[in-house]
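Here are my notes on this model, as requested. Please read them with the coordinates open.

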Amino acid sequence: MNAGASSQPRAKKSLGQHFLKTPAISERIAALLHPSESDRIVEIGPGPGALTDQLRIFRPAQLLLIEKDDHWAAHHAALADGVPGHTVLHQDALAFDWTSLEGPWKITGNLPYNIASPLMWDIVSRTPALARAVFMIQKEVADRLRAAPGGRDYGALSVWVQSFVRVEWGFTVGPGHFAPPPKVDSAVVAFAPLARRGDFDPDALALTLRVCFQQRRKQLQSLLRKQGLAAVAEALPSLGIDPAARPETLITRQFHALSALVAAAPAR
């Protein structure tokens, strides 16, 4: 659809809407999802339906659209009426229960910049059988997702997402492909679930990342002691971690091991 058509409402700044208007970009995003007729697909925030139209071409077994905007939810509900396997949920994707998706699902969407990080955080960790995901997000966030230890982009989001999936780089999308154009570049990334996830407690890992990255330039031993985790700080050498190291130098496996000590520490 033409996102600039006069019959359509303008994008809402409050919802972070920037509608994709270049069909070739939508085709590339859909292709990265590797869709097929046997797939069950969730699209977050379809808006005018630029990506949705491409997904429908593949005739997936189920297509679930989650749309917060009143107008576009009603628009897609009308299109889905009577179409087997097509469902529209009129709600905020942040409030969706990802644990409710039984069996393998693929998830995609042009995510609003202001909710992309918490959405991806929940999706990778809470979707029971995530088969694949492809998202268009702010390029700066995409750089953080695939960042390696030691770099300035490496942080809590990097460790968390990379603990569940392999991040695959897609391509960069300039502002001119949207209506209205955002002030920054976007990027498309794909998530391929890890065949064997590390042995860690997600709740403990989340707590550990909050502790370690709240002041990322401080030494680990200082951060841990400040949080009442002196015993964990003293045990760092047993994990092969230098107590004077900074959080951004640890690899995901080291964070998993550290989180196990944090989980076992006495209640503070």
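This is a predicted model: local features need pLDDT of at least 70, side-chain atom pairs count only at pLDDT 80 or more; totals for chains, interfaces and linings use all residues.

1. Main core. The largest nonpolar core holds 55 residues. I44, W98, I107, F135, I137 and F191 have the most contacts inside it. Helix 7 (residues 202-213) gives the most to this core: six residues. In soluble globular proteins, nonpolar side chains tend to be buried together.

2. F191. Set aside neighbours within four places in sequence. F191 then contacts M120, V124, R132, A133, F135, L145, V161, V165, R166 and V167. The list includes two arginines, R132 and R166.

3. Strand 9. Is strand 9 (residues 186-193) enclosed or open? Seven of its eight residues are buried, so the rest of the structure largely encloses it. Strand 6 (residues 130-138) runs antiparallel to strand 9, joined by six bridges. There, I137 sits opposite A187 of strand 9. Strand 7 (residues 165-173) also pairs with strand 9 in the antiparallel sense, over eight bridges. V173 has S186 of strand 9 as its bridge partner.

4. Helix 7 and helix 10. The axes of helix 7 and helix 10 (residues 252-264) come within 8 Å and cross at roughly 100°. Roughly perpendicular covers 65 to 115 degrees, so helix 7 is roughly perpendicular to helix 10. Helix 7 brings A204, L205, L207, T208, L209, C212 and F213 to the contact. Helix 10 brings F255, H256, L258, S259, V262 and A263. Ten of the contact residues are nonpolar, three are polar and none is charged.

Methods: Residues are numbered from 1 along each chain as its sequence is written. Side-chain values use heavy atoms; hydrogens and water are left out. A nonpolar core is a set of buried Ala, Val, Leu, Ile, Met, Phe, Trp, Tyr and Cys residues joined through side-chain atoms within 4.5 Å. Buried means under 20% relative accessible area, exposed over 50%, partly exposed in between (1.4 Å probe, protein chains only). Helices (H or I, at least four residues) and strands (E, at least two) are DSSP runs, numbered from the N terminus. Contact means heavy atoms within 4.5 Å. Two strands pair if DSSP finds at least two bridges between them. Axes are lines fitted to C-alpha atoms, for helices over the stretch in contact, and angles run from 0 to 180 degrees between N-to-C directions. Angles under 35 degrees count as roughly parallel, over 145 as roughly antiparallel, 65 to 115 as roughly perpendicular and the rest as oblique. Ala, Val, Leu, Ile, Met, Phe, Trp, Tyr, Cys and Pro count as nonpolar, Asp, Glu, Lys and Arg as charged, and the others, Gly among them, as polar.
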